[in-house]
Amino acid sequence: MTTEAASPPGSAGTPPAAPTAEEFAAVQRSAEFAELRRSYRSFAFPLTVAFIAWYLLYVLLSSYAGGFMGTKLFGNVNVALVLGLAQFATTFLIAWLYSRHAAARLDPKAAAIKARMEAGE
């Protein structure tokens, strides 16, 4: 099956040359790439540590504080159920926050690096 799609602007139907290993290494050493990594790590590492601590707190409370976790809040809903559902809520919250962070801070920097590499600079 063939398509009738036009070639991207600036291409004569041939793909651009793949960057060499030396070019990749040079980009990795660049300040621009270091800033991209720092921006990623400054977001991902603290949230990862916080979420693991939150999860371990839930597990420890479930194991050693059964009386507290069994405390009824209303009807048949107890503390354990609320905290367990909060685990899911925080997972989705972190995913949403990361998506916003990536779109605002990581993607533009990565696109600039990619464009520079594709241009052969």
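Okay, let's start at valine 59, which sits in helix H2, residues 31-64; helices here are DSSP runs of H or I with at least four residues, and strands are E runs of at least two, numbered from the N terminus. Quick caveat: this is a predicted model, so local features need pLDDT of at least 70 and side-chain atom pairs count only at pLDDT 80 or more, while totals for chains, interfaces and linings use all residues. Residues are numbered from 1 along each chain as its sequence is written, and side-chain values use heavy atoms, with hydrogens and water left out.

So, buried or exposed? Valine 59 counts as partly exposed because its relative accessibility is 30%; buried is under 20% relative accessible area, exposed is over 50%, and partly exposed is in between, with a 1.4 Å probe and protein chains only.

Now serine 39, also placed in helix H2. Serine 39 is buried, at 4% relative accessible area. What does serine 39 touch, leaving aside neighbours within four places in sequence? His101, Arg105, Leu106 and Lys109, with contact meaning heavy atoms within 4.5 Å.

Zooming out, the protein chain has four helices and two strands, in the order α-α-α-β-β-α. Buried residues are 15% of its 121 residues. Of the contacts between residues at least 6 apart in sequence, 63% join residues at least 24 apart.
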